[in-house]
Amino acid sequence: YNKLGGKIMAYRIDENTCISCGSCEGECPVQAIEQGDAAYEIDEDACIDCGSCAAVCPVEAISPAE
């Protein structure tokens with residue numbers, strides 16, 4: 001939950017679409033993204049739901065988690 005009591009919907013990366021370019025990692029203001037085994041991964045506990053990563057993904061592999 002965020003400071004206002006709302007549920008944070010962390011973003012997720014589709015490992016089948018991610019091309020591991022790294023553009024998302026540098027955009028994350030809380031360093032919640034790192035290279036995983038198959039693709040970049042987002043730490044859902046650290047993600048603040050800002051969407052910066054999704055905005056720069058060239059293959060649209062990042063979306064809000066459901």
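Because the model is predicted, local features are reported only at a pLDDT of at least 70 and side-chain atom pairs only at pLDDT 80 or more, whereas totals for chains, interfaces and linings use all residues. Residues are numbered from 1 along each chain as its sequence is written, and side-chain values use heavy atoms, with hydrogens and water left out.

The chain contains two helices and four strands, where helices (H or I, at least four residues) and strands (E, at least two) are DSSP runs numbered from the N terminus. Read from the N terminus on, these elements follow the order β-α-β-β-α-β. The accessible surface, calculated by the Shrake-Rupley method with a 1.4 Å probe and, for residues, with only the protein chains shown as cover, comes to about 4500 Å² for the chain, and 44% of this belongs to carbon and sulfur atoms. Of the 66 residues in the chain, 30% are buried; here buried means under 20% relative accessible area, exposed means over 50%, and partly exposed lies in between (1.4 Å probe, protein chains only). Among the contacts in the chain with a separation of 6 or more, 55% are made by residues 24 or more positions apart, a contact being defined by heavy atoms within 4.5 Å.

Several residues illustrate how separate parts of the sequence meet. C18 is located in the loop between β1 (11-13) and α1 (23-27), and it counts as buried because its relative accessible area is 17%. Leaving aside neighbours within four places in sequence, C18 is in contact with I13, A39, Y40, V59 and A61. The C-alpha atoms of C18 and A39 are separated by 5.9 Å, although the two residues are 21 residues apart along the chain.

S23 belongs to helix α1 and, with a relative accessible area of 28%, is partly exposed. When residues up to four places away in sequence are not counted, S23 touches V56, C57 and P58. S23 and P58 are 35 residues apart in sequence, while their C-alpha atoms are 8.2 Å apart in space.

The loop between β3 and α2 (52-56) holds I48, which is partly exposed at 45% relative accessibility. From C-alpha to C-alpha, I48 and V30 are 7.6 Å apart in space and 18 residues apart in sequence. D49 is also placed in the loop between β3 and α2, and its relative accessibility of 31% makes it partly exposed.

Most residues other than glycine have a negative phi. In D49, however, phi is positive, near 65 degrees. A positive phi, near 55 degrees, is likewise found in E60, which is situated in the loop between α2 and β4 (62-64) and is exposed, with a relative accessible area of 70%.
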